[in-house]
Amino acid sequence: MNALEHRDTQLTRLLRSAKNATPEGLRSMLRPVVRRVVPEDIRASVHEPPVGPEGLAAADRWVDNHYTIRDGGTLRRFFFLCGCFKSGTNWVQNLINLHPHANVRGEFHFEVLRNAVDQLTNVYWFLGSKPRLREVALDGSEAMIRRMIYASTRDKPGATWLGDRTPNPLRTMIRGAPQIIITRDVRDVLVSWSFHHMRVDTEMGIAVPFRECWAEARPRFLADPDGFNPLDGLLGHEGWVRHHAGHWAQICRASREALPKLQEEGTPVLELKYEQLHADLDGEVERLYRFLDLDPALAEAPSEATKTRPGFGREDRKSFYRKGAVGEWENVLPENIRGIIKECAGEEMIAAGYAQDLNW
Amino acid sequence: MHTLTEPTRTTSATATRPGYFFVRGHPRSGTNWVSNLLNLHPAVSCTGEFHFETIYNAVHRTKSIPWQITGREPIRTELEEAFGDMVRRCVSRACRDHKPDAAWHGDRTPSDLLCWMPGARYVWVLRDGRDVAVSWTFHQLRKGREVIEASIPADASGHLLRLCDGFAEDPERFVREPELLLGDEAWVRHVAGTWDRRYRSDTGAAREIERPEFDGEVLAVRYEDLHADTEAQRDRMLEFLGLDPAESEPPSAETFTRAGYDSTDPTKYRRQGEVGDWKKYFTDQARAWYHDVAGDSLVRAGYAKDEHW
């Protein structure tokens with residue numbers, strides 16, 4: 001008996017049944033109440049259904065291709081959702097999760113493992129670089145990835161597509177596994193990212209040179225979030241803008257360069273744009289489900305409760321889902337900040353179709 | 001259906017499943033020698049070097065970020081178990097290629113001793129850090145500029161880079177001028193620091209591995225003891241794996257399992273394999289630099305009685 005089975009009490013089984021019988025929309029509404037009332041360890045066990053007779057071993061072996069497993073009589077497939085930070089990866093995750101046959105979680109950050117596997121299989125004096133052993137090492141690392149995703153997505157037994165959402169560039173995590181990438185205008189990304197850091201109460205995600213600026217600005221933000229001018233915080237810090245605009249460009253460039261190779265290898269890739277999701281949600285959602293070979297008619301409709309409608313109908317500067325607007329940058333960014341963005345990300349903006357040239 | 005080698009959670013050899021062991025130690029400490037000695041037994045297949053520490057470090061990092069999903073159960077445990085399975089698959093595949101029926105499968109990698117696979121056996125090879133410094137310096141010179149630039153930090157590599165270009169043309173130079181080999185403070189401090197850090201880290205890991213709840217076993221093997229009585233140490237290692245030493249082949253020059261080498265060619269991978277070689281190359285100044293960094297560990301490891309060596 002393993003740790004999971006130990007935790008599977010009658011109470012958790014009851015709560016799990018209730019959860020599975022509740023539509024996602026209602027679940028989202030009830031979530032804040034459940035979080036207050038049900039202790040964390042019980043919530044965790046509700047999220048983790050007991051393992052079947054085969055345990056988690058189903059994810060260990062692939063059938064047909066590296067991203068498909070046979071779980072009892074059901075075939076389950078793996079996919080990856082990526083993109084830049086604050087570009088709508090959470091939104092797309094929520095949209096996918098409206099479908100009863102898909103379950104995506106985040107963030108796994110498998111790039112850490114992949115970097116290590118690349119080293120293990122490419123340094124010429126490491127045994128893993130020998131072709132026959134390279135294949136075993138790659139297989140083993142992909143089994144690690146499948147097992148981790150599978151372990152976290154079993155709370156939706158009907159899901160045949162299991163995914164990871166991590167804000168990252170396009171990159172192979174499991175050979176051939178479908179990839180969905182979402183891109184957003186860097187100018188809106190920066191506005192959104194600067195508010196995100198003002199909201200979050202830890203400096204851990206902020207690079208060291210910008211922590212002083214953050215620590216100095218955050219009390220003013222907390223004292224008056226609605227009156228806070230983002231240019232008085234990180235968005236007004238030239239180094240911070242340079243750093244993150246460059247990071248956005250790096251992610252876009254890496255993805256742009258990876259795309260032809262992935263397509264050549266036969267990896268299905270769906271490219272989404274945040275702005276297009278805003279403009280035509282129904283059309284884009286249909287495209288999303290069709291990409292995964294899912295019937296759109298079976299999915300719940302997007303709703304504000306599931307955070308799946310464009311924007312949030314209001315601005316709440318203290319929420320992860322602050323505003324979700326397109327083109328907000330036009331009212332916020334001054335000339336000097338625009339100049340830095342052009343310098344660091346101008347070419348990639350043109351390549352991604354966000355600008356015709358540098359005269360904006 | 002594609003089925004990988006069946007994962008095993010067992011690490012001790014049974015009639016149907018191989019046991020797993022890992023040979024670890026500082027580079028130039030005799031890990032190859034130990035691996036060759038173990039391979040003299042028909043039930044042992046040891047290959048290398050995989051460098052699983054690259055994956056181990058990534059696994060450790062992945063499960064240690066508290067706000068990430070990978071830091072929570074059941075993903076954390078699943079990650080650890082999947083990592084163990086990956087290691088077993090890779091090692092078994094490599095070992096079966098060499099010896100299909102071996103009961104023990106091993107990986108030899110000159111890297112840190114890590115507490116990573118419950119129930120496994122670990123052979124920890126130790127060698128006097130000063131001999132390691134000499135052997136390691138020759139090894140780097142033999143490898144040449146490209147490898148030095150790629151593997152040695154810039155603040156310590158200047159000395160080697162200055163020496164390496166002439167090494168191929170005149171490898172005997174250090175026989176005539178031994179004081180040149182360790183004549184640079186940054187380099188001596190670097191090799192001393194690397195050995196010292198490794199010794200401290202491995203000592204801690206050995207304690208961790210032998211915790212009852214981890215259920216691992218560590219056998220420390222000294223290079224110097226291997227020199228003094230190779231067969232006795234080989235037998236000790238085989239008994240550690242529960243094997244009968246009588247079934248093993250004797251050490252031989254052909255299998256690179258005898259102490260030392262006939263050649264003293266500094267350009268060869270197996271250069272000399274000698275104990276106490278360091279005395280030829282350490283000047284008083286080099287001793288002072290080395291002692292300053294690694295003196296305590298030399299004493300703790302039993303290679304020096306005190307600071308007066």
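pLDDT is the predictor's confidence in each residue, on a scale from 0 to 100. Residues are numbered from 1 along each chain as its sequence is written, while chains are lettered from A and ligands numbered from 1 in the order in which they are written. This is a predicted model, in which local features need pLDDT of at least 70 and side-chain atom pairs count only at pLDDT 80 or more, whereas totals for chains, interfaces and linings use all residues.

**Chain A**

Begin by colouring chain A by confidence: its mean pLDDT is 87, and 88% of its residues reach 70 or more. Then select residues 1–7 of chain A, where the pLDDT is below 50, although this stretch has twelve contacts in the model beyond near neighbours in sequence; two residues are in contact if their C-beta atoms, placed from the backbone, lie within 7 Å. Where pLDDT is low, the predicted coordinates should not be read in detail.

**Where the chains meet**

Next, select the contact between the chains, which takes 35 residues from chain A and 33 residues from chain B. On the side of chain A, the elements that give two or more residues are helix H1 (3–7), strand E3 (102–106), helix H6 (111–122) and helix H7 (131–152); helices (H or I, at least four residues) and strands (E, at least two) are DSSP runs, numbered from the N terminus. The largest share of that side, twelve residues, comes from H7(A). By class, the side of chain A that touches chain B has 20 nonpolar, eight polar and seven charged residues, where Ala, Val, Leu, Ile, Met, Phe, Trp, Tyr, Cys and Pro count as nonpolar, Asp, Glu, Lys and Arg as charged, and the others, Gly among them, as polar.

**H7(A) against H3(B)**

Now show H7(A) together with helix H3 of chain B (residues 75–98): their axes come within 9 Å and cross at roughly 165°, the axes being lines fitted to C-alpha atoms, for helices over the stretch in contact, with angles from 0 to 180 degrees between N-to-C directions. H7(A) is therefore roughly antiparallel to H3(B), a term for angles over 145 degrees. Residues making this contact include A:Leu133, A:Gly140 and A:Met144 of H7(A) and B:Leu79, B:Phe83 and B:Arg89 of H3(B). The residues of this contact divide into 14 nonpolar, three polar and five charged.

**Within chain B**

Finally, select helices H4 (residues 129–143) and H8 (residues 185–209) of chain B, whose axes come within 10 Å and cross at roughly 125°. That angle makes H4(B) oblique to H8(B), the class left after angles under 35 degrees (roughly parallel), over 145 (roughly antiparallel) and 65 to 115 (roughly perpendicular).
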